[in-house]
Structures are given as C-alpha cells and as structure tokens.
Amino acid sequence: MKSLIEELKYSFKRKDNGLIKIILINIIIFVVVGVIFVFSHMTGYMTVLNFIQENQHLPAKFSTFMYRPWTLVTYFFSHDIQNIFHIVFNMLFLYWFGNLIVEYLGNRRLVNLYILGGIFGGIFYLLLYNLVPFFVQNNMLLLIGSSGAVYAVVVAAATLLPDYTFYLIFLGPVKIKYIAAFYLFISFLGSVGANAGGNICHLGGALIGYIFIAQLKRGNDLGKPLSKTKDFIGNIIEKKPAMKVSYINKGKEIKPDFPDQKEIDAILDKINRSGYESLSKEEKQKLFKASQK
C-alpha cells in the first residue's frame, strides 16, 4: 500500500503527465464512491452517498442545475458505480486516443480537450433537455460519466490523424476515422433511446473535438483560456519561499544536496523500463529531493 501511494504521488508530481492524472482521478473517485456506496447500503445510512451523488451528477433540469453549477465539471470525473464497464471502456479509449493527442499536440492540449469536451457535452445535454420538446418531458434525468470528454479526444484524434491505424482483435488493422465514425453513428441512433442523455453528451463532446482540431489547423487554440486559467491558479497556490536563507559554517555556505539532471534522467529511464518499484531506496530519495526543487 505504501509503494502504491508513493507511485500515485510520483504520478501527480510529474510534469507533462496530464493523461495519466486524468485517468487516476477518475479511478480514485470511482473507488472512493464505490466504497461509500457499499457501506451506505449495508448500514442503511444513505445521507453521505446522496450528498455526493447530488453534487456529482449533472441534472437535466436547468432550474436544478442553477443551484449546482459545479456539476458541469464534476459529472465527467465520475462514473456509474454499478457498471464497472462504464469506467473501464472510457478509460481505455481515453488512454489509446489520448496518447495520440499527447504525442502530436502535447500534454496541455490533451487536458484542455478533455475538459472542453466534458463541458460542451454537458451544455449540449442541458440545451436539448430544456429546449427540445421530445426531451423536455424527461428532464428529471441526471448525467454522469466521462464519455462526452472521451468522445472529444477520440474525434479530435481521428480528425487530426484520420489514417492512423489501430490493430483490433478479430478485425486486424482499422483506421481510427472508421472507429470514430462507428461510435458516433451508434450514439446518434441512441440519442432517442434509453440512454438518450448520455448519447447526446457524446455527440456534443465529439462536436467540440472536431472544432478544436479544425480551429487549431487555422492557428486558433480554443484551449488557451483554460491554459491561462490553470497557470493563474497554479501561480497562486504554488508555495514559494519569501526569502532564501543560507546557513554559514566556518565561512562556507551549506547548500541542499540536490541530485543533478543526469542522475534524475537515469532514474526516470529506469522507471520507464522497470517501474517505480525497481528503484533503490537511495534512488527514491534522490527523486524525492529533485521534486522539492
């Protein structure tokens, strides 16, 4: 357990690791809420669970949403506790297609794309369930799941690299534009079915994924406001010492014994090859010291 916690801490401290951080956040929330879900039903004490779910799920009714506007973000970091495949498939698709976005566009744009996909998917869901008569009659529904954000990443990757090929079991090589088109068509068909809200969110996320890449090709980065906001918040919460203090002993300045960059690069290479557990105690200490710079 201690080594697992250390690995999680390391994953969150690493820079340019947005894809793994998003996946870990989703998994951690799923596990925590899952434990609360089980104990709540065993004890019959549902107050905590009901509070969490009220503040996680995105309500379709706009008047309810106005009292819980943060759910426009919380819903796409949460999943149906009683359907393990909900989170498994979402995270697998996010990992496969997200790696392409990171490789070609960078970590920051992947994070921005995920957030924009989730927000726009939620807005699309709210609009249809409050303006289109067919959906208004069912606007007591709640929305949960990262599918809209994931669809944004999938469609963005397919728009950016339409002929990139995945090798699928039983099917062999398939271009990702066909994979994206297939799942979009399934969501379109399901937009009037039992999971209409979820499928509408998929379509909204997919739309912003396409627009994101189309605008990027024209030199417009839709994620810039998000990047500036994250930088601003990061600068506020980042702890910076007010002054630098040096201790003098026999006329010499004692400096912290930080490892040099070559040592850190060698340690990171070892983690990539063999995992965090392969590090010696000394190497783990050096990595920790480097993170304190």
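Ser-78 sits in the loop that joins α5 (71-74) to α6 (84-105); helices are DSSP runs of H or I with at least four residues, numbered from the N terminus. The model is predicted, so local features need pLDDT of at least 70 and side-chain atom pairs count only at pLDDT 80 or more, while totals for chains, interfaces and linings use all residues. Residues are numbered from 1 along each chain as its sequence is written, and side-chain values use heavy atoms, with hydrogens and water left out.

Ser-78 counts as buried because its relative accessibility is 3%, the limit for buried being under 20% relative accessible area with a 1.4 Å probe, protein chains only. Leaving aside residues up to four places away in sequence, Ser-78 touches Asn-26, Ile-29, Gln-56, Ile-144, Gly-145 and Ser-146, where contact means heavy atoms within 4.5 Å. Leu-143 is 65 residues from Ser-78 in sequence, and their C-alpha atoms are 9.8 Å apart. The Ser-78 side chain also reaches the backbone oxygen of Thr-74 at 2.9 Å.

The axes of α10 (residues 176-189) and α11 (residues 196-217) come within 8 Å and cross at roughly 140 degrees; axes are lines fitted to C-alpha atoms over the stretch in contact, and angles run from 0 to 180 degrees between N-to-C directions. That angle makes α10 oblique to α11, as oblique covers what is left after under 35 degrees (roughly parallel), over 145 (roughly antiparallel) and 65 to 115 (roughly perpendicular). From α10, Leu-184, Ile-186, Ser-187 and Phe-188 meet Asn-199, His-202, Leu-203 and Ala-206 of α11.

Note on methods. Helix = DSSP H or I, 4+ residues; strand = E, 2+ residues; numbered from the N terminus. Buried < 20%, exposed > 50% of the residue type's maximum accessible area, 1.4 Å probe, protein only. Polar contact = N/O pair within 3.5 Å; in protein donor to acceptor, adjacent residues only side chain to side chain.
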